[in-house]
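Hi,

Here is the structure I said I would pass on. Have a look at it first, then read my notes below.

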Amino acid sequence: MPRVLWKGGINFGLVHIPVALYSGAKSDALDFDWLDKRDMKPVGYKRINKDTGKDVEKDDIVRGFQYEEGRYVVLSDEEIKAANVKSTQSVDILAFVDAADIPFTYLETPYYLAPSPRGEKVYALLRETLKRTKKVGIATVVIQTKQHLAALIPSGPALILNTLRWAAEVRPFDDLSLPQENLKAAGVTAKELAMAEQLVADMTQKWDPSRYKDTFRNDIMAHVKRKIKAGDTETVAEIPAVESVEPSSNVIDLTALLQRSLRGGNVRKSAVTTIKKKPPAVTRAAAEIKAQPKRKRA
């Protein structure tokens with residue numbers, strides 16, 4: 001079970017759906033640690049005071065917003081949340097659009113939204129409505145200390161919140177040298193197009209992500225196993241992991257709110273229940289390969 005990042009709600013019209021936000025992606029990248037080749041000790045990232053060059057403890061670090069050269073306003077996590085409590089615990093739907101209208105270049109990171117207790121009916125209603133209308137919700141959401149644009153997408157039994165890049169973050173392709181969309185101008189013949197379409201048809205399959213494997217990663221891990229088996233390893237001290245947990249939320253009745261929303265009721269008022277949240281904890285992935293005696297990956 002993934003860890004809850006925060007608990008809050010989805011707001012659309014006057015309807016409030018209590019939900020919990022979970023990460024929808026995990027890293028399966030090769031995780032190479034930096035080692036000092038002279039003694040095989042881990043090489044870490046040091047927090048240092050740029051003026052004195054001395055180490056700074058984590059508890060002594062604060063967030064500072066530079067409003068002019070050399071002058072800062074310091075903000076704590078509590079102040080950041082208190083500045084706009086509703087935004088830091090809610091998915092506020094601004095509009096509904098056709099799913100096909102969102103270019104792939106805008107898609108960023110997926111998250112799962114699961115209903116909190118007593119929110120299952122409203123959750124199911126929104127999910128099925130989006131499926132039947134073939135729409136997705138465009139929303140804003142704050143995750144940690146950053147506000148994101150996001151798409152609320154139905155997928156099977158789940159509602160997925162996929163963060164989107166802001167328009168200013170997507171580079172236009174106007175300056176690239178690309179072939180014209182007019183096939184004749186691009187030099188593509190009708191015969192070539194027909195053959196390409198036939199090839200696509202022959203290679204078309206039902207989407208099944210389990211068919212595709214990270215062969216590069218598999219080859220590297222096979223090589224790592226061979227080195228372990230041959231005893232070609234180095235012993236390095238382990239670093240312990242950290243875990244954490246979360247609180248709960250509330251729900252509001254549905255039918256009257258839907259009717260009022262359709263009549264153009266105030267979207268912002270009376271819909272949101274205040275819910276406390278905690279920032280997500282950072283955890284370190286466990287080592288994939290374990291050998292006796294315990295050894296660090298090279």
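Predicted model: local features only at pLDDT ≥ 70, side-chain atom pairs only at ≥ 80, totals over all residues.

Residues are numbered from 1 along each chain as its sequence is written, and side-chain values use heavy atoms, with hydrogens and water left out.

Let's start with helix H2, residues 120–133. (Helices are DSSP runs of H or I with at least four residues, strands are runs of E with at least two, and both are numbered from the N terminus.) The buried residues of H2 are Val122, Tyr123, Leu126, Arg127 and Leu130; buried means under 20% relative accessible area, exposed over 50% and partly exposed in between, with a 1.4 Å probe and protein chains only. They cover an arc of only 135° around the axis, so they sit on the same side of H2 (the arc is that of the directions from the helix axis to the C-beta atoms). Lys121 and Arg132, on the other side of H2, are exposed. After H2 comes Lys134, with a positive phi near 55°.

Now for strand S11, residues 158–164: seven of its seven residues are buried. Ala158, Ile160, Asn162 and Leu164 point one way, and Leu159, Leu161 and Thr163 the other.

S11 pairs antiparallel with S8 over five bridges (pairing takes at least two DSSP bridges between two strands). Seven bridges join S11 to S10, also antiparallel. In the hairpin of S10 and S11, two residues lie between the strands, and Gly156 has a positive phi near 60°.

Cheers

How values were computed: Expected span 1.5 Å × (residues − 1).
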